[in-house]
Amino acid sequence: MLPYGRQSISEEDIEAVAAVLRGDWLTTGPAVTAFEEAISAVSGGHRAVSCTSGTAALHIAYAALGIGSGDEVITTPMTFVATASCAAMLGARVVFADIDYSTGLIDPEAVSALLTAQSKVIAAVDYAGQSADYPALQSLANKVGAKTLADAAHSVGGSANGRPVGDLADITTMSFFPTKNLTTGEGGAVVCKDEKFAQRAHEFHFIGLVRDPSRFEITDEGPWHQEVHEYGVNYRLTDLGAALGLSQLRRLDEFKRRRTEITARYNAAFAGVDGLRTPVQRAGVDPMWHLYPLRVLGGRRREIFERMRAAGIGVQVNYIPVYWHPVFAQQGYRRGLCPNAERFYAEELSLPLYPALTDADVDRVIETLLSLVG
Ligand SMILES: *Cc1c(COP(=O)(O)O)cnc(C)c1O
């Protein structure tokens with residue numbers, strides 16, 4: 001089976017991890033510091049906090065923004081459940097804004113209609129690897145004193161209007177799961193424009209420990225002292241993961257080039273084919289294509305999915321609208337809430353896309369699909 005996504009591991013990556021195993025620090029050592037600095041460098045220079053997953057990054061980001069009960073988080077249903085569930089876990093009410101049917105990205109007009117005095121975060125997702133319309137979302141957020149969050153699990157390595165992912169929203173979360181644009185095994189990061197949120201993100205992911213003596217409330221202990229002001233968790237990335245991520249970051253441009261080539265090959269093959277719709281790219285965005293989200297029209301998505309799988313091609317569907325998940329449905333979120341997202345979901349079929357896919361693999365995907373829809 002040709003997978004739909006897959007990591008790309010080089011001998012240099014392996015050597016980088018082996019070097020950590022031979023060294024003194026397995027976690028919270030120099031590789032973590034270097035990786036966070038490197039993520040910061042590709043994210044507009046804002047402080048980055050590494051962590052154990054993209055889900056952890058979302059939990060950290062919402063916690064750093066101080067989200068809790070009584071707050072509303074406006075987000076898209078066209079995402080992995082964690083974008084919404086991590087806000088809900090902290091007690092926030094999740095409000096789903098519909099997407100732009102052409103791109104799958106959250107629609108600023110839909111967000112605008114849902115803004116209230118309780119809106120604390122507008123959380124967009126860079127679906128498939130292209131950035132959402134952050135200038136529009138930021139001006140909406142500013143109206144009510146909310147913050148913007150970019151779930152950039154798909155778009156690390158991309159940019160919009162000349163600004164890199166990480167520099168587009170108040171707070172950006174990343175995932176380094178093996179199928180994503182670069183990997184640390186499991187891993188993620190939070191990038192914060194405001195140092196106050198970055199420090200809070202750091203402390204939340206580090207058990208809440210405060211280590212700066214100038215902030216101590218207990219002042220008569222010794223040099224060993226550290227103290228907790230707010231609860232936290234242990235979401236620390238290991239040096240093993242960080243060393244892998246640092247090595248992978250050096251290959252990000254190469255990954256991007258190959259993902260762009262494959263996307264162009266699919267686009268050329270499917271453009272104008274009856275019953276298919278190729279992904280739509282927003283003006284001004286330089287995407288890092290993580291998914292190739294083809295649309296299959298005429299109610300044939302499931303049939304094509306099953307026949308592609310039967311032909312050994314690992315297609316996927318991204319995503320079931322988040323509020324269809326029973327955990328949301330039980331709270332009263334009803335089907336029909338976001339019609340564009342539901343229609344997009346009904347048609348969506350993600351084709352294999354990863355750097356090691358050969359042109360021959362891509363052509364096999366194309367030929368198989370064309371023979372099924374023809
Ligand atoms: C993968 C993903 C996540 C979660 O990342 P993990 O590292 O798998 O926890 C969150 N949001 C989106 C959009 C994702 O694709």
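Is G23 buried, partly exposed or exposed? G23 is partly exposed, with a relative accessible area of 39%. On this scale, buried means under 20% relative accessible area, exposed means over 50%, and partly exposed is in between, using a 1.4 Å probe and protein chains only.

A quick word on the model before going on. This is a predicted model, so local features need pLDDT of at least 70 and side-chain atom pairs count only at pLDDT 80 or more, while totals for chains, interfaces and linings use all residues. Residues are numbered from 1 along each chain as its sequence is written, and side-chain values use heavy atoms, with hydrogens and water left out.

**Around the ligand**

Let's look at the ligand. It is surrounded by 16 residues, and the closest are G54, T55, D151, S175 and K180. To count as near, a residue needs one of its heavy atoms within 4 Å of the molecule. By type, this shell divides into six nonpolar, eight polar and two charged residues. Here Ala, Val, Leu, Ile, Met, Phe, Trp, Tyr, Cys and Pro count as nonpolar, Asp, Glu, Lys and Arg as charged, and the others, Gly among them, as polar.

Helix 3, residues 54–64, gives the most to the shell, with three residues. Helices (H or I, at least four residues) and strands (E, at least two) are DSSP runs, numbered from the N terminus.

| Residue | Atom on the protein side | Distance to a ligand oxygen atom |
|---|---|---|
| G54 | backbone N or O | 2.7 Å |
| K180 | polar side-chain atom | 3.0 Å |
| Y319 | polar side-chain atom | 3.1 Å |

The protein covers 91% of the 380 Å² of accessible area that the ligand has on its own. Those areas come from the Shrake-Rupley method with a 1.4 Å probe, and for residues only the protein chains shown count as cover. The space taken by the ligand is the largest pocket. A pocket, on a 1 Å grid over the protein atoms alone, is an open set of points with protein on both sides within 12 Å along at least five of seven lines. A molecule sits in one if more than half of its atoms lie within 2 Å of its grid points.

Y319 itself is in the loop between helix 10 (301–310) and helix 11 (326–329).

Two residues other than glycine have a positive phi. A128 has phi near 70° and lies in the loop between strand 4 (119–125) and helix 6 (134–144). N161 has phi near 50° and is found in the loop between strand 6 (159–160) and strand 7 (163–164). As for cover, A128 is buried at a relative accessible area of 1%, whereas N161 counts as exposed at 58%.

**Side-chain pairs**

Which residue does the side chain of S350 meet in a polar contact? The partner is E348, and the two side chains are joined at 2.7 Å. A polar contact is a pair of N or O atoms within 3.5 Å; within protein, one must be able to donate a hydrogen and the other to accept it, and residues adjacent in sequence count only if both atoms are side-chain atoms. S350 is in strand 15 (residues 348–351) and is buried, with a relative accessible area of 0%.

E203 has a polar contact too, with its side chain joined to that of Q199 at 2.7 Å. You'll find E203 in helix 7 (residues 195–204), where it counts as buried at 11% relative accessibility.

**Sequence distance and space**

Back to G23, in the loop between helix 1 (11–21) and helix 2 (30–41). G23 and V144 are 121 residues apart in sequence and 50 Å apart in space, C-alpha to C-alpha.

K193 and A48 are 145 residues apart in sequence, yet 9.2 Å apart in space, C-alpha to C-alpha. K193 is found in the loop between strand 9 (188–192) and helix 7, and it is partly exposed at 32%.

I67, in the loop between helix 3 and strand 2 (72–75), is buried with a relative accessible area of 7%. I67 and K120 are 53 residues apart in sequence and 7.3 Å apart in space, C-alpha to C-alpha.

Note on methods:
1 Å grid on protein atoms, 1.4 Å probe; cavity = no way out; pocket = protein on both sides within 12 Å on 5 of 7 lines; lining within 4 Å.
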